[in-house]
Amino acid sequence: MHTNEQVFKVADKTVELLYSLDDYDNEKNVDVFVTLEKDGQSYDYIAVYTKKSIDKVPTWVQNNIKGG
């Protein structure tokens, strides 16, 4: 199994490429699918992000991890 930090590290590189902030309202969630390997086995995760407005700037905020 992997830590949330490890999963989000990979997903952070992907979320902005896959999902345009302009296409989503605030407080909407998106899922980023991530596969990581450990000891020769693959583990699938879903990194969930929520669109938030921080200082009036829209951004994707890490929410939680599913799977593993």
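Guide: Let us begin with contact, which means heavy atoms within 4.5 Å. Leaving out residues up to four places away in sequence, K51 touches L21, Y24, D25, N26, E27, K28, P58, T59 and W60. This is a predicted model, in which local features need pLDDT of at least 70 and side-chain atom pairs count only at pLDDT 80 or more, while totals for chains, interfaces and linings use all residues. Residues are numbered from 1 along each chain as its sequence is written, and side-chain values use heavy atoms, with hydrogens and water left out.

Visitor: What elements does the protein chain have, and in which order do they run?

Guide: Helices (H or I, at least four residues) and strands (E, at least two) are DSSP runs, numbered from the N terminus. The protein chain has 1 helix and 3 strands, in the order α-β-β-β from the N terminus on. K51 belongs to strand β2, residues 41–54. The C-alpha atoms of the chain fill a box of roughly 45 × 20 × 15 Å along the principal axes.

Visitor: Why does V32 count as buried?

Guide: Buried means under 20% relative accessible area, exposed over 50%, and partly exposed in between, with a 1.4 Å probe and protein chains only. V32 has 1% relative accessibility, so V32 counts as buried. Of the 68 residues of the protein chain, 28% count as buried.

Visitor: What does V32 touch, and where does V32 lie?

Guide: V32 is in strand β1. Not counting residues up to four places away in sequence, V32 touches A11, T14, V15, Y19, Y45, I46, A47 and Y49. The C-alpha atoms of V32 and V48 are separated by 6.4 Å, although these residues are 16 residues apart along the chain.

Visitor: What makes a set of residues a nonpolar core?

Guide: The set must consist of buried Ala, Val, Leu, Ile, Met, Phe, Trp, Tyr and Cys residues joined through side-chain atoms within 4.5 Å. The largest such core has 15 residues, and those with the most contacts inside it are V7, V15, V32, A47 and Y49. The elements giving two or more residues to this core are α1 (4–18), β1 (29–38), β2 and β3 (57–67). A47, with its neighbours within four places in sequence left aside, is in contact with V7, F8, A11, V30, D31, V32, N64 and I65.

Visitor: Why is the pair of Y19 and W60 called edge-to-face?

Guide: Rings of Phe, Tyr and Trp (its six-membered ring) pair if their centres lie within 6.5 Å; planes under 30 degrees apart count as stacked, over 60 as edge-to-face and the rest as tilted. The structure holds 4 aromatic pairs. The rings of Y19 and W60 have centres 6.5 Å apart and planes at 70 degrees, so this pair is edge-to-face. Y19 lies in the loop between α1 and β1 and W60 in strand β3, so the pair ties together parts 41 residues apart in sequence.

Visitor: How do you know that Y24 and W60 are an edge-to-face pair?

Guide: The ring centres of Y24 and W60 are 5.6 Å apart and the planes stand at 70 degrees, so the pair is edge-to-face. Ring pairs link Y19, Y24 and W60 into a cluster. W60 counts as buried because its relative accessibility is 9%, whereas Y24, at 26%, counts as partly exposed.

Visitor: What makes the contact of K52 and E27 a salt bridge?

Guide: A salt bridge is a side-chain nitrogen of Lys or Arg within 4 Å of a carboxyl oxygen of Asp or Glu. The side chains of K52 and E27 meet at 3.1 Å, N to O, in a salt bridge. K52 lies in strand β2 and E27 in the loop between α1 and β1, so the pair ties together parts 25 residues apart in sequence. By this rule the count comes to 1 salt bridge.

Visitor: How far from K51 is the nearest side chain of opposite charge?

Guide: Lys and Arg count as positive and Asp and Glu as negative, while His and the chain ends are not counted. The nearest side chain of opposite charge to K51 is D22, 5.8 Å away, and K51 is buried with no salt bridge.

Visitor: What joins the side chains of T50 and N63?

Guide: A polar contact is a pair of N or O atoms within 3.5 Å; within protein, one must be able to donate a hydrogen and the other to accept it, and residues adjacent in sequence count only if both atoms are side-chain atoms. The side chains of T50 and N63 are joined by a polar contact of 2.7 Å. T50 is buried, because its relative accessible area is 5%.
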